[in-house]
Amino acid sequence: MEVCYIDQPFKVESLPLKKIYVLDDWLSDEIHKKIWDITTFQTNWKKTNQVRGNNPTGLPHHELWGAAIYLDRDREWDEGQPQQCLMWTKYLNDRLQTEFGFNWIDLQYIGLNSQTQEMHGTIHADCHDDNTQNLSFLYYPNVHWEKHWGGKLRFFEEVIAGLDNRKDGKQIAEVDFKPNRLVIFDGRVPHGADAPNKNARYSDRRSYVMRGDTVELCL
């Protein structure tokens, strides 16, 4: 699958997406730093951000440090989150819809993930194969990251039961972890994020996850 690096947002004209789009320096330095601050001092981090689904391995997709800010089962924002976190998350959500020209019809999840050493994300898909009108976004709020610290986002052809898909699966694309980077893709494509390696020491790999099963394009 082709990874397409873009220098500005674009209006999505058709779905499903055929490429993985990567936009660097999405936010201004000031806003990027603000997002980093609110994710760093977000008080509701828990190791309960478990994502389950129809993974043929029967295992959870992952169980990372995280904070769920919008859950589809509740169809509402978690008002128990710190108000700064809610406010800036809603800002990012509105900005995505405006800049990429869509409205969420079935918003599934918005939240935060944090990975420390050896905490690899299980290979998974964000939605079912019949959700052809979906969109998935990942935003990386870290303000500093060295390439040799690891943390790649990897995409795979499929998830095969009984295999270590990260090691033995057929990888079709990868994207480096980089501060202030936005990744846009078809959530049906299996993917998973590498954990930081030992060179990162106590620096965690942090991401904003924003995804929906169905969107309406503003054509």
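**Entry 1: the cores.** I kept in mind that this is a predicted model. I looked up the largest nonpolar core and found 36 residues in it. Phe100, Phe102, Leu135, Phe137, Leu182 and Tyr208 touch the most other members. Helix H2 (residues 83-100) gives the largest share of this core, six residues. There's also a second, separate core of 18 residues, with Trp145, Ala173, Val175 and Ala200 among them.

**Entry 2: Leu182.** I checked what Leu182 touches, leaving out residues up to four places away in sequence. Its contacts include Tyr21, Trp26, Leu96, Phe100 and Phe137.

**Entry 3: ring pairs.** I got 13 aromatic pairs. Phe10 and Phe100 make an edge-to-face pair, 5.6 Å centre to centre with 85 degrees between the planes. These two are 90 residues apart: Phe10 is in the loop between strand S1 (3-6) and strand S2 (20-23), and Phe100 is in helix H2. Buried or exposed, what is Phe100? Phe100 is buried, at 0% relative accessible area, while Phe10 is partly exposed at 22%. Ring pairs also join Phe10, Tyr21, Phe100, Phe102, Trp104 and Phe137 into a cluster.

**Entry 4: another pair.** Why is the pair of Tyr70 and Trp77 edge-to-face? It's because their planes are at 70 degrees, and over 60 counts as edge-to-face. Tyr70 is buried at 9%, and Trp77 is buried at 18%.

**Entry 5: two single contacts.** The charged end of Arg95 sits over the ring of Trp26, 5.4 Å from its centre. Thr39 is in helix H1 (residues 29-40) and is buried, at 0%. A polar atom of the Thr39 side chain lies 2.9 Å from the backbone oxygen of Trp36.

Methods:
Residues numbered from 1 in each chain as written. Predicted model: local features only at pLDDT ≥ 70, side-chain atom pairs only at ≥ 80, totals over all residues. Heavy atoms only, no water. Core = buried A, V, L, I, M, F, W, Y, C linked by side-chain atoms within 4.5 Å. Buried < 20%, exposed > 50% of the residue type's maximum accessible area, 1.4 Å probe, protein only. Helix = DSSP H or I, 4+ residues; strand = E, 2+ residues; numbered from the N terminus. Contact = heavy atoms within 4.5 Å. Polar contact = N/O pair within 3.5 Å; in protein donor to acceptor, adjacent residues only side chain to side chain. Phe/Tyr/Trp six-rings, centres within 6.5 Å; stacked < 30°, edge-to-face > 60°. Lys NZ or Arg CZ within 6 Å of the ring centre and 35° of its normal.
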